[in-house]
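Please view the sequence and the structure first.

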Amino acid sequence: MELLQELQIFAKEYDVPIVEEEVRDCLAMFLRIQQPKRLLELGTAIGYSAIFFATLLPEVEIITIERDDAMAFKAKENIKKAGLTERITLLHGDAKELLPTLDGFFDAIFMDAAKGQYNAFFTLLEPLWKPGGVLYADDVYFHGMLHDKEKYHKRKVTIVKRLRQYLQMIQETEGYESIVLPVGDGLAVTRKED
Ligand SMILES: C[S@@+](CC[C@H](N)C(=O)[O-])C[C@H]1O[C@@H](n2cnc3c(N)ncnc32)[C@H](O)[C@@H]1O
């Protein structure tokens, strides 16, 4: 799709963080196998990944949440341009406030918002997460800081600590199974047991 290429160029030019190609392709593989009916995304940015998922899965309904005003405005424009307003609903606000207002179950969740909030998001996602459904959490190595001392910045200590807790929690929490894939900046894949 031409628009997706335009959005990649825009993201590069204006330094908007969008899903890395390697992660996008890995997600595409999982999602093609999974064939979710409802997908929830935390962190829309300019709408690149939401439009990508909707194009990949012609039947899927997507709810995507973005708190930044300028990003939400741009994403709305792009979703309209893609002709996907019927299948992608953009909710403008903080995911921590909006998640408790959502209804129904989602069988796929792409978590790509504030990395320091992943533990809090996980708790809020629990009631919305369909048994057998999968949560994909992006960038869990946080710019490589979780493993590479050279990349570690002292002022990011809290986020790094919280992501370590997140990775431990998804491995240890009963009722879930997880793998962490070394693609992009780390992709944690967690399945809720049926
Ligand atoms: C990595 S970008 C999302 C990229 C997008 N998923 C893509 O691949 O095209 C992360 C976005 O999450 C948003 N964000 C961060 N914390 C959030 C929160 N608590 N609620 C909603 N959006 C949030 C940021 O404003 C930013 O635009």
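By class, the shell around the ligand consists of 12 nonpolar, 4 polar and 6 charged residues, where Ala, Val, Leu, Ile, Met, Phe, Trp, Tyr, Cys and Pro count as nonpolar, Asp, Glu, Lys and Arg as charged, and the others, Gly among them, as polar. The model is a predicted one, in which local features need pLDDT of at least 70 and side-chain atom pairs count only at pLDDT 80 or more, while totals for chains, interfaces and linings use all residues. Residues are numbered from 1 along each chain as its sequence is written, and side-chain values use heavy atoms, with hydrogens and water left out.

The ligand is surrounded by 22 residues, and the closest are V19, G43, S49, E66 and D112; a residue is near a molecule if one of its heavy atoms lies within 4 Å of it.

| Protein atom | Ligand atom | Distance |
|---|---|---|
| S49, polar side-chain atom | nitrogen | 2.9 Å |
| E66, polar side-chain atom | oxygen | 2.6 Å |
| R67, backbone N or O atom | nitrogen | 3.2 Å |

Taken alone, the ligand exposes 610 Å², of which the protein buries 91%, with accessible areas coming from the Shrake-Rupley method with a 1.4 Å probe. Two or more residues of the shell come from each of α3 (48-56) and β2 (61-66), helices (H or I, at least four residues) and strands (E, at least two) being DSSP runs numbered from the N terminus.

Turning to the aromatic side chains, the count comes to 9 aromatic pairs, meaning rings of Phe, Tyr and Trp (its six-membered ring) with centres within 6.5 Å. Among them, F53 and F110 form an edge-to-face pair, 5.5 Å centre to centre with 90 degrees between the planes, where edge-to-face stands for planes over 60 degrees apart. Because F53 lies in helix α3 and F110 in strand β4 (residues 106-111), this pair ties together parts that are 57 residues apart in sequence.

Methods
Polar contact = N/O pair within 3.5 Å; in protein donor to acceptor, adjacent residues only side chain to side chain. Phe/Tyr/Trp six-rings, centres within 6.5 Å; stacked < 30°, edge-to-face > 60°.
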